[in-house]
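Biologist: Could you put the model up, so that we can go through it together?

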Amino acid sequence: MSSPLTALRGFGRFWYDFVVGDDWRVALGVVVALAAAYGLVKAGINAWWLPPVAVVALLGLSLRRVVRGARRG
Amino acid sequence: MTSWVLFLTVFLACSVEAVEALTIVLAAGTTRHWGSALQGTGAALVALAATVAVLGPAVAQIPLDALRLVVGALLLVFGMQWLRKAVMRGSGYKALHDEAAAYAEEVEAARAAETGGRGRVRDWYAFTLAFKGTFLEGLEVAFIVVTFGNNQRDVPVAVLGAVVAVVLVTAVGFAVRSPLAQVPENTMKFAVGTMLTSFGVFWSTEGAGAHWPGSDTSLLVLVPVVALVAAGYTAVLRHGNTPTSSVAVGSGATVEGSLT
């Protein structure tokens with residue numbers, strides 16, 4: 001009876017895992033950084049430096065969460 | 001980006017996924033029924049080809065700036081997933097991917113499953129196992145082929161890289177008749193993660209309207225910088241994660257089911 005719902009959930013879960021992956025904060029951070037870069041460009045600032053800085057910071061923060069999680073558990 | 005860089009990036013990404021798909025197909029074939037496993041693999045390859053055939057022209061219709069912003073952002077998220085796992089594996093926070101162990105798990109599950117066929121497929125379990133393994137591992141590669149190929153306006157080279165990788169891995173896998181446990185998978189994932197992240201950040205930044213100093217030549221700086229940052233994170237994490245530490249390989253089980 002619930003198989004269409006289960007299938008829909010599975011489908012949604014698959015695409016979430018495929019696009020967002022293990023750490024949703026990284027995906028959100030990328031979107032925010034690109035939106036900020038777009039906003040700065042519209043304001044006349046060539047913000048090419050913002051996304052690379054965001055990548056370094058997001059990767060570092062994500063890895064720090066892994067280390068902290070491992071130490072806790 | 002030269003054709004060689006495009007070819008090499010797609011080739012490496014596809015090789016990693018092909019090794020994982022081959023492990024599953026070998027498990028289905030050797031323990032269940034080779035014919036059904038090969039039917040499943042063939043059906044998955046047809047489904048992947050159809051996906052590329054539909055997505056390719058559709059993606060080509062998107063204006064270049066919008067394509068670079070959206071696709072660059074997706075590649076960036078993918079690339080950071082690959083890099084994150086490569087750093088975790090390289091520093092001991094996640095177990096190295098063991099194709100021999102993965103193969104043993106698949107074999108055990110396949111032996112325990114029920115037998116039975118449907119239509120022309122004699123063993124439905126072997127068919128679906130091979131289909132899922134090939135399709136899921138191939139979907140990310142299909143995305144890379146379509147996006148890299150369209151961004152560089154050179155889809156044939158991207159397709160060639162994917163085809164060469166699949167043929168090579170398949171030929172070696174069937175020649176040795178065992179999972180390819182000796183492939184330096186984490187090194188390849190590190191390289192692919194570096195390339196996806198570098199091109200993702202390059203294209204998405206251009207898509208957001210910013211201009212890189214030196215235009216395309218900035219990639220010659222961006223790629224080594226991303227590799228150095230990831231290598232640096234690996235070294236720092238490895239330094240804090242000694243073999244006697246209780247956190248070594250501790251968090252490895254949290255990312256099961258991921259495509260990378």
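Biologist: What is the mean pLDDT of chain B?
Modeller: The mean is 80, with 84% of the residues of chain B at 70 or more; pLDDT is the predictor's confidence in each residue, from 0 to 100. For the model, the scores are ipTM 0.89 and pTM 0.74.

Biologist: And where in chain B is confidence lowest, and where highest?
Modeller: The lowest is helix 4 (residues 99-112) of chain B, with a mean of 70, and the highest is helix 8 (residues 219-239) of chain B, at 91. Over residues 244-260 of chain B the pLDDT is below 50, although this stretch has 32 contacts in the model beyond near neighbours in sequence. Two residues are in contact if their C-beta atoms, placed from the backbone, lie within 7 Å. Where pLDDT is low, the predicted coordinates should not be read in detail.

Biologist: How many helices and strands does chain B have?
Modeller: Chain B comes to eight helices and zero strands, where helices (H or I, at least four residues) and strands (E, at least two) are DSSP runs, numbered from the N terminus. Among contacts in chain B with a separation of 6 or more, 86% join residues 24 or more positions apart.

Biologist: Is helix 5 of chain B mostly covered or mostly exposed?
Modeller: Helix 5 of chain B is mostly covered, with 23 of its 28 residues buried; a residue is buried if 20 or more other C-beta atoms lie within 10 Å of its own, exposed if 12 or fewer, and partly exposed in between, with C-beta atoms placed from the backbone. Helix 5 of chain B also bends by about 35° at L139(B), the bend being the angle between axes fitted to the seven residues ending there and the seven starting there. Just after this helix, R153(B) has a positive phi of about 50°.

Biologist: What about helix 3 of chain B, how much of that is buried?
Modeller: In helix 3 of chain B, 22 of the 27 residues are buried, and G92(B), which follows the helix, has a positive phi near 90°.

Biologist: Switching to the contact, how many residues does each chain give?
Modeller: Chain B gives 32 residues and chain A gives 30. Helix 3 of chain B provides the largest share of the side of chain B that touches chain A, 11 residues.

Biologist: Which residues touch the most other members of the largest nonpolar core?
Modeller: They are V30(A), V10(B), C14(B), V77(B), A130(B) and V145(B), in a core of 88 residues; a nonpolar core is a set of buried Ala, Val, Leu, Ile, Met, Phe, Trp, Tyr and Cys residues joined through C-beta atoms within 7 Å. Helix 1 (residues 3-31) of chain B gives the most to this core, 16 residues. Leaving aside neighbours within four places in sequence, C14(B) is in contact with V141(B), G161(B), A162(B), A165(B) and V166(B).

Note on methods: Residues are numbered from 1 along each chain as its sequence is written. Chains are lettered from A and ligands numbered from 1 in the order in which they are written. This is a predicted model: local features need pLDDT of at least 70, side-chain atom pairs count only at pLDDT 80 or more; totals for chains, interfaces and linings use all residues.
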